[in-house]
Amino acid sequence: MPLYEYISENPNIEGKSCRNCSRGFELIRPVSRPPLENCPSCRNPVKKLVSQVSKPNAARGFSISDAKAKGFQVLKKQDKGTYEKM
Ligand SMILES: [Zn+2]
């Protein structure tokens, strides 16, 4: 499911938007659902921002230590056993 970023249409108007939408928030929604039009917490109108997927640092991938920290199992190719004894 794609990740969408939303921000209030009036982020700078005091009292017009809650903390979430005045700074923007991320939401994962199925493609089949219509775009979000109102903030889920304060009901003020929000607009969709360009998806993070298009940002260059998203394509950079992540390091092995990052992967391990996130609970991924990191497999390393072993050289052992690749040579035959002559
Ligand atoms: Zn809000």
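Reader: Happy to start with contacts: what is K47 in contact with, leaving aside neighbours within four places in sequence?

Author: In this predicted model, K47 is in contact with Y6, I7 and E9. The term applies because the C-beta atoms of such a pair lie within 7 Å.

Reader: How far apart are K47 and I7 in sequence and in space?

Author: They are 40 residues apart along the chain, yet their C-alpha atoms are 5.6 Å apart. I7 also stands opposite K47 in β3, and K47 itself sits in that strand, which covers residues 46-49.

Reader: Why is K47 called partly exposed?

Author: Let's set the count against the cut-offs. Buried takes 20 or more C-beta neighbours within 10 Å, and exposed takes 12 or fewer. K47 has 15 inside that distance, so it counts as partly exposed.

Reader: What makes β1 and β3 a pair?

Author: A pair needs at least two bridges. Strand β1 (residues 3-8) and β3 are joined by 4 bridges, so they qualify, and they run antiparallel. One of the residues involved is E5, whose bridge partner in β3 is L49.

Reader: And how many bridges join β1 to β2?

Author: There are 4 here too, again with antiparallel strands. E5 takes part on this side as well, with E26 as its bridge partner in β2.

Reader: Which strands are the edge strands of the sheet?

Author: The open sheet of 3 strands has the order β2-β1-β3. Its edge strands are β2 (25-28) and β3, since each pairs on one side only. Neighbouring strands are turned by 40 degrees against each other on average, direction ignored.

Notes: Residues numbered from 1 in each chain as written. Predicted model: local features only at pLDDT ≥ 70, side-chain atom pairs only at ≥ 80, totals over all residues. Helix = DSSP H or I, 4+ residues; strand = E, 2+ residues; numbered from the N terminus. Contact = placed C-beta atoms within 7 Å. Axes fitted to C-alpha atoms, helices over the stretch in contact; angles between N-to-C directions.
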